[in-house]
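This report goes through the aromatic rings of one structure and what they contact. The sequence and the model come first.

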Amino acid sequence: MHFLKFVLVALLGVSFYSHANAELDDVVVLEKKSGHTNEFNISRSHYSQKIEKIMNSVNESVLPALEMREDPGSWKLKAVLVGIGLNVEAGLGPIISVAAKSRFQLIYTKNGTPYTP
Amino acid sequence: MKHLPNRIIIFLLLTLTVSSCRHRAENSVVPPEWKSESLGEPESNIKLEKSTDRMFDVNAKTLDQMNSGSGKWQLSGMIFELAVSAEGVLGLLMGEGEAAVKTIWLRNDQSSESFVHKIKPISFSFQSKDSPQSIEKHSDLLMEMATASGKVRDPQLLKSNLMFKFNQFVEMGKLLNLSELEQAGWKISEFRQVLSITAEGDVTPGVALGGFIEFEMRWNIENESEGTQNFAGIFSRRKPALDALLNGLVSDLRAIEDEAPAEYEEKGFELEGFYIELGVKGESDFGIASASASAVGKLVFKRNDEEDLVKNKKSLAERSLVSSVNIVSEAPGPVSFTAQSSSNFQQVSRANRNVFRRGLHRALKMGRFFARRASKVESKKWYIKEIEPEFEIAVNGNVGLSTLEGSTALALEFERKDEEK
C-alpha cells in the first residue's frame, strides 16, 4: 500500500514537472497524411537528437560519393540538393523517423561558370 | 502522507494530466487577427513569439551539432518549412511524399549566392524564342518519366494536358515580356508555375494530393518582343487588362512603402521580393488568385532600386489607378481540375483597393514579426539567411498568414557562416 502511494506521488511530481515545462520543451510538428494534418508535440531533446542523427547519416552517405567523383569534359557538378522525407510515428510518445524516399537534385554548369539560380 | 487519501492523489494526477494536454493544445495558436478573415492589426503575440523562437532556436542548435563535410564539398544550406494546422497551430511541416528538410551541398569554390532551393527537382526554363518543337521536347521528356513510373492510366490525355499547360505557360510568358510596366521601385523578374501530374493523366496547378510527378516551369521576364508575332490576336485582347493589373500592383507596393517604410526592414533583414499567384478567367479577366483558385503561375516582383527609375515616382500607373483589385477565386459548385476547363470554374471579384493595400501592410507587419524573431537566433556556425512567409488573400482583398492545411506558411533558410566554410 505504501509502495502504491509512493508511485502515485512520484507520478504526481512527474506530471507537475511535465506540465510546468511543456511550453519550454515541446516542438510542434505537423504531419501531412492522406489529405489531412496530424499535430504532434515532440520533446525538444528528442527532436534535436533525431534530426541530428538522421541528417548526419544522410550526409555521411552523400559526402563520400561527392568527394570521389571527377567531372570529365566541360560540365561540372556545382551543387547537390538533398530533400529528406521525415515521418512521425505515434505511440506512447511520438517519435520522428526518416521516410523511405529522399530526393536528390544535381546541378551542373559549364566549367568556370558560377551557378546562378 | 498517511492522511492523504489515494482518491485525492489520483484526482490531482488526472487534473494535471488533462490540464497539461489542454495547455499543449492551446500552445502556439496563430491569433485570429493574423488570419485573412480579420481586418484587425496583427499585433505581436507572446505565445506565438515563444513558439516561433523555440522552433527557430531548436533548429539552429541542432545544426550546430551536425557534420558539415570538409574537402571539396560543404553542407552550405538547410531549409525547414513551417505550416499552420486546421486548429491554427504553427508547427514544423512533415509529410508523405514531401521533403521535410532540404540540405544543400556546394563545391567549396561556389559563392554563397548559389542557393538552389527555389528550384523543383524537375525544372524547365522557357524563353520567348522557344519553338513549338522545343516545347514538345519538354513534354516528351515528362511523358517518358511518367510512363516509366507505370502509373499513368491515360497517356493520350496526359500528353494533351501537358501540351496545353506548356503552351498556356509560354503564351503567358510572352505576354509578360510585352507588358508595359513602369518599373519604378519594383520590377517583375520571373514567372513560375509548379505543376503536378496525377495517375489519371491530369496536370494540376500546384502540388496536388496524389500527384506523383511534380515539376516547375520558369520564364525570365526580359521585356522583349522577339518571337511574339504569332500571338497578336490573343495579346491585343489580354495585354491591356494584364498591364492594368501589374501597374496597379506596383503602385500598391510603392504606396505601402511610402506610408510605412519601417515595416520593410528589421535588424539584419530587408524585404527583397514579393510574389503573387496570377489567376485568369476567360480571355482577359486577370486577377490575383486566392488560396482556393487555380493559378496560371507565380509572378515574382523584385526591388528595382536604380536611381533614374526611382525618381519617376508619380507614374502613369498612379494616374490611371482603378479603385478595385481583381481577385480570382473558386466559383461555388462542383470543381474540376482538368487543365483545359479549370478556368471555367472560377469567378472574379472586385476587391476594394484600400482593403487590399491594408492587407499588404498587414502582410509586411507579419513578415517583420518573423524577421524580428529570426534576427534573435543564436548559432555558432549558422545564421538565418532568408525567411519566406506565405500569405493567403480573401475574396474581399484582405491578406492573412497562409492557413491552408498542409501548405507552407513560413520557409526558414539557414546558411553556414562564412568563417565556417
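## A charge over a ring

In this predicted model, B:Lys298 sits over the face of B:Tyr275, 4.1 Å from the centre of the ring.

## Aromatic pairs

Over all chains, the count of aromatic pairs is nine. One of them joins B:Trp34 and B:Phe370. Their ring centres are 5.9 Å apart, and with 80° between the planes the pair is edge-to-face. The two residues belong to distant parts of the chain, 336 residues apart. B:Trp34 is in the loop between α1 (6-26) and α2 (46-64) of chain B, while B:Phe370 is in helix α8 (residues 353-375) of chain B.

B:Trp34 has 0% relative accessibility and therefore counts as buried. B:Phe370 counts as buried because its relative accessibility is 1%.

## A pair between two strands

B:Phe80 and B:Phe414 also form an edge-to-face pair, because their planes stand at 90° with the ring centres 5.9 Å apart. B:Phe80 lies in strand β1 (residues 73-84) of chain B, and B:Phe414 lies in strand β18 (residues 408-416) of chain B. The pair therefore ties together parts that are 334 residues apart in sequence.

## A cluster of rings

Ring pairs also link several phenylalanines of chain B into a cluster: B:Phe126, B:Phe166, B:Phe169, B:Phe191 and B:Phe215.

Notes: Residues numbered from 1 in each chain as written. Chains lettered and ligands numbered in written order. Predicted model: local features only at pLDDT ≥ 70, side-chain atom pairs only at ≥ 80, totals over all residues. Heavy atoms only, no water. Phe/Tyr/Trp six-rings, centres within 6.5 Å; stacked < 30°, edge-to-face > 60°. Helix = DSSP H or I, 4+ residues; strand = E, 2+ residues; numbered from the N terminus. Buried < 20%, exposed > 50% of the residue type's maximum accessible area, 1.4 Å probe, protein only. Lys NZ or Arg CZ within 6 Å of the ring centre and 35° of its normal.
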